[in-house]
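Okay, everyone, thanks for coming. I'd like to walk you through one model today, so let's get it up on the screen.

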Protein chains: 2
Amino acid sequence: MESLRHIDRLAMRSVSPWLHCARTSSTSVPRMPDVDFKPQKYKGPSYEDTLKVRKERLSPALFHFHQQPVLIHQGHKQWVWDSNGKRYLDMIAGIVTVGVGHCHPKLNDAAFEQMKKVWHTTTVFLNPTVQEYAEKLGSKLPGNLKVCYFTNSGGEANDLAIMMARLYTGCYDIVGLRSCYHGMSALLMGLTALGNWRFNLPINSGLHHAMNPDPYRGPWGGKNCRDSPVQVDRQCSCKPNECKAKDEYIKQLEDLVITTLPKNRVAGFIAESIQGAGGATQFPKGYLKEAYKMIRARGGVCIADEVQTGFGRTGEHFWGFEMHDVVPDIVVMAKSIANGFPMGAVVTTPEIAQVMTQAQHFNTYGGNPIACTAASTVLDIIDEEKLQANSLTVGTHLLRRLGQLREEFSVVGDVRGKGLMIGVELVADKETKTPLAAEDVAGIWDNVRDLGVLIGKGGLHGNVLRVKPPMCITKEDADFFVDVLRVALTKHKGNK
Amino acid sequence: MESLRHIDRLAMRSVSPWLHCARTSSTSVPRMPDVDFKPQKYKGPSYEDTLKVRKERLSPALFHFHQQPVLIHQGHKQWVWDSNGKRYLDMIAGIVTVGVGHCHPKLNDAAFEQMKKVWHTTTVFLNPTVQEYAEKLGSKLPGNLKVCYFTNSGGEANDLAIMMARLYTGCYDIVGLRSCYHGMSALLMGLTALGNWRFNLPINSGLHHAMNPDPYRGPWGGKNCRDSPVQVDRQCSCKPNECKAKDEYIKQLEDLVITTLPKNRVAGFIAESIQGAGGATQFPKGYLKEAYKMIRARGGVCIADEVQTGFGRTGEHFWGFEMHDVVPDIVVMAKSIANGFPMGAVVTTPEIAQVMTQAQHFNTYGGNPIACTAASTVLDIIDEEKLQANSLTVGTHLLRRLGQLREEFSVVGDVRGKGLMIGVELVADKETKTPLAAEDVAGIWDNVRDLGVLIGKGGLHGNVLRVKPPMCITKEDADFFVDVLRVALTKHKGNK
């Protein structure tokens, strides 16, 4: 109850932001940028009842952010309001999903128009929306990546991508990376290599994981290895286009390949372009390119899991794999694809797609008119509002400012990412990289929330702050967040 | 091109229904019931371009109904219009999905209201909609079935249900039935026992299939065995509550259990209450009850796949399993749950749900505010418009009238189902039950479409007409469909 009252007090504070002190010193309360939008008054069930019913009626599998999770009532662009009218800057976007901002009016209009016409037909009939979208999406992809299979989630799409790789190659073994997250189906649970996410069940055979090529926490990598405005704070002697850390991690991959796979045979390799749940881990420059080469030399196909990194978020490129200078054989998408409307996609070449004719396959809702209309409008908005360029500009600015916090605070071990796909790793000791204790991470995280910013938390050790906002945030928003994080880190330091 | 011109002629005909002859003899064109709704004019890409782009840009896995699939442009209640303005009575509802009718105004209003507030939050935050819906859905279920996990499809839900059964029991073996369809994930492809739907890949171990207890096509079953207004046309000496066919199929199940499972151990049993893709196959009365007993005696849990049979469609009951007088341990739902909005659900007991706390689990879009608002409104509409009662009244009427066609036509081998979950099995020979040749089935099916009715086709041999309309159809609609089917069957007979 104490904490609920605390929320109420915060709510009262937030509705009068002009009362805040505008100083940005490291202890004052940073001033939230204004917004010209008035949310509806919340008229739903009370916070207490909501939590009570959730406990009784929803799966205990579901975890929530913060001991007292925010009850999100309404969203507008990069802002959300809770049931008390308190406003937050949304820097996690429903786990990297609300790419173009909450309730974008153009998106709403397009979806409503479609929903007045028809919601659902299935692909056993024709409807123009799915073809229109497939063509538009294909135009965003390089090479011969032009055949789409639409699903309802990234998990469904990854599951299908693995099946395609196996059917196409006639091989069964799939290589992934440790700390990757690819979904929660029975198959994908074996591919997702994060212990917290794995239930004690026999997993699908043929799934292998190479050492995570993590220049921060892994044995190799330093201040020249990452494609990011902020480098690992460790010396290294790499030169441009000559990354020794990459060479070492590739050796590890090769060791896996030559010891555990049938000779010169493999179905495929899958990787996120920047790890998501794994904590925004980036690979050394050139790693994916050599990995692809090695896998292809053995007849395997390369799958890019773009569920988090797709659709302009990484700034410099529209797809995360482009920063690695590779062209995958299969690309998997979801999350930002339709701004929160349930949708996923597998896009591949006509040759690989052809394997799917060996039997019948179906997805009831896949490629439905609302999803395709929403996804098509999302592409338009990204273009019209230059959200990819904004991700680059604001993201680079934000990364650099967060990088400064690493200089200021001993608990900030690493800052990494590209565009608006960012991780801040908290440690107890910069030398040993011991993860900061869970309660300390939670304290900082809760404080950031109390000060009006929603961010995520993840990584193998649960000590990485995840920062992946709607792509429409401004520099002012980014600065506000950095100010807030500084206050939270200062408070944490003071408590020690 | 000829067939496209054909569609145009039909379209012209359909916009002037009053010109049709109102006779209902077996050769005249039946008159479509009127509707007080004017669709928008279609302004999308041409039919030819749509097919061309589909071929180039969508997965060749996707099959379509009819060689010249209908391009559905708009829907209203039980009606859809194609790109030429031709109207169809929709008797398949996007594969049993558009339960309360296309673009229901109350549903649209509720969805739009929610979409103006917030589309997507994920369950790491609170939003009132998911709790409200979970509570409402729970009130529709018997026993202790009250803990919900929401997904984006029936496939995701079945995949999860199997995982829960395995975790709860500590066993791995799952028993299903031949001809069942449970989804297309890597795991579920092994559980779906229809050869056309299985790709040549090693499947998840521990999946077993018992003989399909099909009173029509199986070795046992006759005119007293089915819970349907239309019985199998085969003699049998069963008495009320004493079904010998059931006993025989149960013996087959027991044979599987005692020969292939670890002694007295099994994770679970899964069955649809009436088979969907398998062709509306119904089990003998009492089969599921004894199957549940046998599985539970060995410590297994019983899963009801209600993806097609849930939400009032079977008429007498809200859930298909109720007609079998059983209470499952886990219920899986999808399709009609949100009238076409991508959604699935696993509902189980608190005890079984508890296993999900053994690790973290997550579904990005699962339980999102739009899906929950839509699903909640669907429940309201089913109640307010008494669609379950309508399914019973109109469905029973339709089944009886279709049953008469079996008397009139030698190709109608079986008519079965309950409420508005109906199958019409076409055969070349009523004695041998040889399936009617594919081209003959297609001819009848195409003709039904040309006359203005959309139905499905399925079953293990592809010779079952599937009739599963929105639950708001009227007796007049049902009669129109029967008249249409009679014309198509008569035409087929004449062509022989």
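**A loop, a helix and the other chain**

Let's start at B:Asn127, which sits in the loop between helix 4 and helix 5 of chain B. Keep in mind throughout that this is a predicted model.

Now back up to helix 4 of chain B, residues 105–117. For its 13 residues, at 1.5 Å a residue, you'd expect a span of 18 Å, and the end C-alpha atoms are 19 Å apart, which agrees. Its buried residues are B:Leu107, B:Ala111, B:Gln114, B:Met115 and B:Lys117. Look down the helix axis and those buried residues fall within an arc of 150°, so they line one face of helix 4 of chain B. Turned away from that buried side, you'll find the exposed residues B:Pro105, B:Asp109 and B:Glu113.

What covers the buried residues of helix 4 of chain B? From chain B, the cover includes helix 5 (128–138) and helix 11 (369–384), and chain A brings in strand 1 (72–76) and helix 4 (105–117).

That takes us to the interface. In contact across it are 94 residues of chain B and 94 residues of chain A. Several elements of chain B give two or more residues to that side, among them helix 2 (47–57), helix 4, helix 5 and strand 4. Which one gives the largest share? That's helix 6 of chain B, with eight residues.

How do the copies relate? Rotate chain B by 180°, with 0.0 Å of shift along the axis, and it superposes on chain A with an RMSD of 0.0 Å. That's the relation of a two-fold axis. Also, 100% of the interface residues of chain B are interface residues in chain A too, so the copies meet through the same surface.

Strand 4 of chain B runs antiparallel to strand 10 (residues 344–348) of chain B, with five bridges joining the two. In that pairing, B:Cys148 stands opposite B:Val347.

There's also an open sheet of four strands in chain B, in the order 1-2-3-13, with mixed pairing. Strand 1 and strand 13 (453–454) are at the edges with a single partner strand each, so one side of each has no neighbour in the sheet. Strand 13 of chain B runs parallel to strand 3 (residues 87–90) of chain B, joined by two bridges, and there B:Asp90 has B:Leu454 as its bridge partner.

Last stop, the nonpolar core. The largest one has 327 residues, and A:Met164 and B:Met164 touch the most other members. Among the residues that A:Met164 touches are A:Ile330, A:Val346 and A:Met356.

Key. Residues are numbered from 1 along each chain as its sequence is written. Chains are lettered from A and ligands numbered from 1 in the order in which they are written. This is a predicted model: local features need pLDDT of at least 70, side-chain atom pairs count only at pLDDT 80 or more; totals for chains, interfaces and linings use all residues. Copies are superposed by least squares on the C-alpha atoms of residues with pLDDT of at least 70 in both. Two residues are in contact if their C-beta atoms, placed from the backbone, lie within 7 Å. The expected span of a helix is 1.5 Å times one less than its number of residues. A residue is buried if 20 or more other C-beta atoms lie within 10 Å of its own, exposed if 12 or fewer, and partly exposed in between; C-beta atoms are placed from the backbone. The arc is that of the directions from the helix axis to the C-beta atoms. A nonpolar core is a set of buried Ala, Val, Leu, Ile, Met, Phe, Trp, Tyr and Cys residues joined through C-beta atoms within 7 Å. Two strands pair if DSSP finds at least two bridges between them. Lists of a residue's contacts leave out its neighbours within four places in sequence.
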